[in-house]
Amino acid sequence: MEYQFADGFWWGSATSAPQSEGAAARDGKSRNIFDYWFEIAPERFHDRVGPGEASTFYDHFRTDIGLLKTLGHNTFRTSISWSRLIPDGDGEVNPQAVAFYNAMIDELLAQGITPFINLYHFDMPLCMQQRGGWESRAVVEAYARYADTCFGLFGDRVTHWFTFNEPIVPVEAGYLNDLHYPCVVDFKRAVTVAYHSVLAHAMAVQRFRARELPGNIGIILNLSPTYPRSDAPEDRQAAHDADLLLNRSFLDPVAKGRYPAALLQLLERHGLMPHCEPQDAQLIEDGVVDILGVNYYQPRRVLAKEGRRAEGPIASPEDLFSYYAMPGRKINPHRGWEIYEKGLYDILMDLKENYGNLPCYISENGMGVEGEEAFIGADGRVEDDYRIDFIREHLKWLHRALAEGSQCKGYHLWTFIDCWSWLNAYKNRYGLVRLDRADQHRTIKKSGYWFAEAARRNGFD
């Protein structure tokens with residue numbers, strides 16, 4: 001076999017509670033910010049489809065976990081819904097939520113699938129947002145108590161924990177751009193949200209380690225390798241600034257226990273430093289992860305910002321650089337994203353060379369396609385050869401990184417079944433399994449059979 005992976009390689013997929021569970025207003029769950037935003041601005045969501053039922057994992061988790069087994073999974077990531085487990089954000093635990101998550105975890109283990117549990121996936125409880133969200137240190141403390149509650153309830157069986165998925169997304173989408181609720185556009189407030197997210201992560205790590213539980217704890221970051229348009233000094237500086245603000249602002253504190261000096265200087269220079277308490281530095285230093293989840297979809301290509309004065313004021317990161325489309329690039333036309341498989345290898349080599357070869361795994365990688373019904377064959381199966389090509393080509397570069405010494409432990413696809421996706425709802429389908437929203441019927445796609453075979457053989461030709 002040409003591409004063989006080590007015994008124990010993690011084959012699996014990822015989803016999240018708000019995107020898969022549904023039952024958004026049932027069994028004691030309170031509203032999160034996406035439930036609320038859909039209530040007040042349904043026109044912002046594709047086809048006016050909100051998170052109410054999602055892909056009904058809450059009701060179908062046993063048969064869905066059976067599908068995971070069919071798909072060759074030995075691992076699976078999902079998240080716990082803070083607003084389901086602790087409806088008022090910082091008080092009593094909801095027994096119906098405990099029963100659900102216990103049953104889900106037990107079913108995964110019974111099927112031989114190791115659960116990877118994430119604690120936060122963009123879904124701030126509305127009651128916590130109303131108290132300031134990630135701008136509030138009181139909410140940071142409440143999150144730490146929520147995390148500790150999860151460790152106490154499920155830590156006897158869950159050995160792979162993650163504090164956040166893509167914590168920069170709420171910063172970029174909710175506080176730098178009018179893309180996610182609360183739709184604030186304010187660089188200074190965005191920096192505070194980012195900083196407090198790192199503090200919340202570190203507090204959760206502290207609580208986990210205090211319990212002396214088996215297993216490990218990490219965080220999941222969407223890392224986009226940043227490439228300058230040219231070797232010109234101004235393009236290289238633009239790439240450096242983009243990488244600093246959009247990758248290393250989270251990667252360095254969680255992997256090294258400190259922020260890059262250049263980032264602190266940039267924030268100081270532009271009056272963007274958040275309020276820091278004396279104990280914060282030690283907390284962050286102690287919050288270094290055991291393992292890093294890496295979400296990779298596309299590269300970031302930048303060039304120098306036209307007309308920018310070196311010391312001019314900045315209102316957003318994009319005042320320091322511009323994006324550019326590389327001529328001749330391969331692209332997913334449905335999502336508008338460049339497909340650059342080598343970027344995955346470049347991330348893993350960066351972690352190896354600059355971050356002590358931190359243990360990691362590919363926690364998301366996937367291809368969203370609109371109008372997949374056009375690819376349904378006579379037998380009712382989606383013939384998604386494009387997704388097979390996408391997965392295979394990324395796995396080839398992952399295999400090369402492993403051959404060169406990367407400590408990457410596995411590969412999780414986004415996602416196992418077509419799921420609800422924030423403002424895009426079901427516009428772009430990512431699953432190995434097709435969801436018929438009319439009757440909730442599940443049908444394995446061609447890619448699902450390919451993935452199952454690769455997992456069974458622990459590699460591919």
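Q: How many cavities of 30 Å³ or more does the structure hold?
A: Four. This is a predicted model, where local features need pLDDT of at least 70, side-chain atom pairs count only at pLDDT 80 or more, and totals for chains, interfaces and linings use all residues. Residues are numbered from 1 along each chain as its sequence is written, and side-chain values use heavy atoms, with hydrogens and water left out.

Q: What counts as a cavity?
A: A set of points on a 1 Å grid over the protein atoms alone, where a 1.4 Å probe fits but cannot get out. Lining residues have an atom within 4 Å of a point.

Q: What volume does the largest cavity have?
A: About 100 Å³. Volume here is the space filled by probe spheres set on the points, which are joined across faces, edges and corners.

Q: Which residues lie nearest its centre?
A: Ile33, Tyr120, Pro170, Tyr181 and Pro182, out of 14 lining residues.

Q: Which element gives the largest share of that lining?
A: Helix α8, with three residues. Helices are DSSP runs of H or I, at least four residues, and strands are runs of E, at least two, numbered from the N terminus.

Q: What is the lining like by class?
A: Ten nonpolar, four polar and no charged residues. Ala, Val, Leu, Ile, Met, Phe, Trp, Tyr, Cys and Pro count as nonpolar; Asp, Glu, Lys and Arg as charged; the others, Gly among them, as polar.

Q: Back to α8. Is it mostly covered or mostly open?
A: Mostly covered: eight of its nine residues are buried. Buried means under 20% relative accessible area, with a 1.4 Å probe and protein chains only.

Q: What do those buried residues pack against?
A: α6 (126-129), α9, β6 (216-222) and α10 (233-256).

Q: New topic. Where is Thr192?
A: In helix α9, residues 187-210.

Q: Buried or exposed?
A: Thr192 counts as buried, at 17% relative accessibility.

Q: What does Thr192 touch?
A: Trp134, Glu135 and Pro274, leaving aside neighbours within four places in sequence. Contact means heavy atoms within 4.5 Å.

Q: And α3 and α5, how do their axes run?
A: The axes of α3 (residues 57-70) and α5 (residues 95-110) come within 10 Å and cross at roughly 10°. The two helices are therefore roughly parallel, a term for angles under 35 degrees. Axes are lines fitted to C-alpha atoms over the stretch in contact, and angles run from 0 to 180 degrees between N-to-C directions.

Q: Which residues make that contact?
A: On α3, they include Phe57, Phe61 and Leu68. On α5, Phe100 and Met104 are among them.

Terms used: Buried means under 20% relative accessible area, exposed over 50%, partly exposed in between (1.4 Å probe, protein chains only). On a 1 Å grid over the protein atoms alone, a cavity is a set of points where a 1.4 Å probe fits but cannot get out, and a pocket is an open set with protein on both sides within 12 Å along at least five of seven lines; lining residues have an atom within 4 Å of a point. Angles under 35 degrees count as roughly parallel, over 145 as roughly antiparallel, 65 to 115 as roughly perpendicular and the rest as oblique.
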